[in-house]
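Let's walk through this structure together, with an eye on how its side chains pack. Have the model open beside you as you read.

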Amino acid sequence: MHHFSIAITLASLLIPIIGHTADKKEACDVLLGNETLIWRQADLESVKNAINDGDPQFDRALANLTSQADKALMRGPYTVVHKTRIPPSGDPHDYMSMAPYWWPPNGTRTDAPYIRRDGEVNPERDGDGFDRMRLRLFIKDVSALSLAAWFLDDRRYAGHAELLVRVWFVDPATRMNPNLEFAQGVPGRSTGRSFGIIDTVSLTDTVDAIQLLSYAAMIEEEVIAETRRWFASYVRWLTSDEMALTERNARNNHGTHYDAQVMTFASFARNCTMVARILQDTRVRIRMQIRADGLMPEELNRTRSLHYHVFNLHAFLKVARLAEHIGEDLYTYTPESAGSIVKTISKLAVYSGRETRWPYPNMGSGSERYLWRVLRMAATAIESPALTKAIDRSSNQYADDVLLLLSGSIELDDTHKTQGDK
């Protein structure tokens, strides 16, 4: 993923970051509640009721989820201290990963400095020397286990999810330090880079998995409290460390995913002051990143421009969903001479099931399912017949997708929907 340094203009527009004041905590707790944050609790409950009533439309997705959760029961727990390389700090509790497109110049791992081969992923990054694959498996398994515990009312899954969470975030012997100082380093060039902040983008799912287990009373309160403290510390690092703040100033998908992460983690940590700051930052990003026609200029520059439009939209949708908790509508927010999240949704929906018609550079494939999933996520908030048709064009291919259990039938509950483009 490219990173674009941003002019002082954006940095000056972004709201100064300040900490959360303790006297607002009670009001913040009430505002955010105890339900899931990005996943919609009402949809989770509706789908669970439908499954219990024998509705067959979720059979394949539930079977897929059960298979994933059963495999997860046999794996883990995961910890950063198991990597075979030691971070530059000397502390194995520090997360460490390697940039994807960098290779040894003469084909051996000991050669340095590494050289860039754009688009070619070095498999070394997913080896035992680094933490990236452990983190990915941890996130995947906690999500599958928590959802299986919810839909199947099976505490075996919840118990293993709690173990994974405890080992990764809580236990002193195994917990990850709440920073990404050594993420996406390049041997011989850098011990860590701002690009690496995106490594934890999917921890937003982990937060919702924990929220769901808490809502269902399937996890110890002590584990939840300690994990909230971990994320509070991580938010402090993300909003104070110079490398992390470089990512905040990115004007492409990296900046948007920074917002989505900080807003999710701050919501989980009950830091409503930070949530409000990120909401304001995202308004600035909408003005600077989305054209009036819904396209995103920085993502058009990519060789996989459709994928990166979807990737950036995904981040915007996360922030917009979180904004709902504090009574704000980011979906239709339209700054002067700019577009909106709804405009981008409408633009991309045209190409759902027709991805080959995308008229901009789109090297390779693989955007199809991702586009369908993100549009499906959008449909839980935006009421639009055109969007529903776009999703329906591809839905028969993805009847086993676990996302169906999160979003359900689009018509399940219209009470939380806002009017989008028709």
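Tyrosine 308 and phenylalanine 311 are both buried, where buried means under 20% relative accessible area, exposed over 50% and partly exposed in between (1.4 Å probe, protein chains only). Before going further, please note that this is a predicted model, in which local features need pLDDT of at least 70 and side-chain atom pairs count only at pLDDT 80 or more, while totals for chains, interfaces and linings use all residues. Residues are numbered from 1 along each chain as its sequence is written, and side-chain values use heavy atoms, with hydrogens and water left out.

Back to our two rings. Tyrosine 308 and phenylalanine 311 belong to helix H13, three residues apart, or about one turn of the helix; helices (H or I, at least four residues) and strands (E, at least two) are DSSP runs, numbered from the N terminus. Their rings form an edge-to-face aromatic pair, 6.3 Å centre to centre with 80° between the planes. Here, rings of Phe, Tyr and Trp (its six-membered ring) pair if their centres lie within 6.5 Å; planes under 30 degrees apart count as stacked, over 60 as edge-to-face and the rest as tilted. Another edge-to-face pair joins tyrosine 351 and tryptophan 358, at 5.2 Å between centres and 85° between planes, and both of these residues are buried.

The criterion is NZ of Lys or CZ of Arg within 6 Å of the ring centre and within 35 degrees of the ring normal. Likewise, the charged end of arginine 117 sits over the ring of tryptophan 103, 3.9 Å from its centre.

Now for the nonpolar cores, meaning sets of buried Ala, Val, Leu, Ile, Met, Phe, Trp, Tyr and Cys residues joined through side-chain atoms within 4.5 Å. The largest has 115 residues, and Phe138, Phe151, Ile341 and Leu405 have the most contacts inside it. Helix H13, residues 305–324, supplies the largest share of this core, 12 residues. A second, separate core of eight residues includes Met96 and Trp102.

Finally, how confident is the predictor? The mean pLDDT (confidence in each residue, from 0 to 100) is 89 for the protein, and 90% of its residues reach 70 or more. Over residues 1–15, however, pLDDT stays under 50.

Definitions and conventions: pLDDT is the predictor's confidence in each residue, from 0 to 100. Contact means heavy atoms within 4.5 Å.
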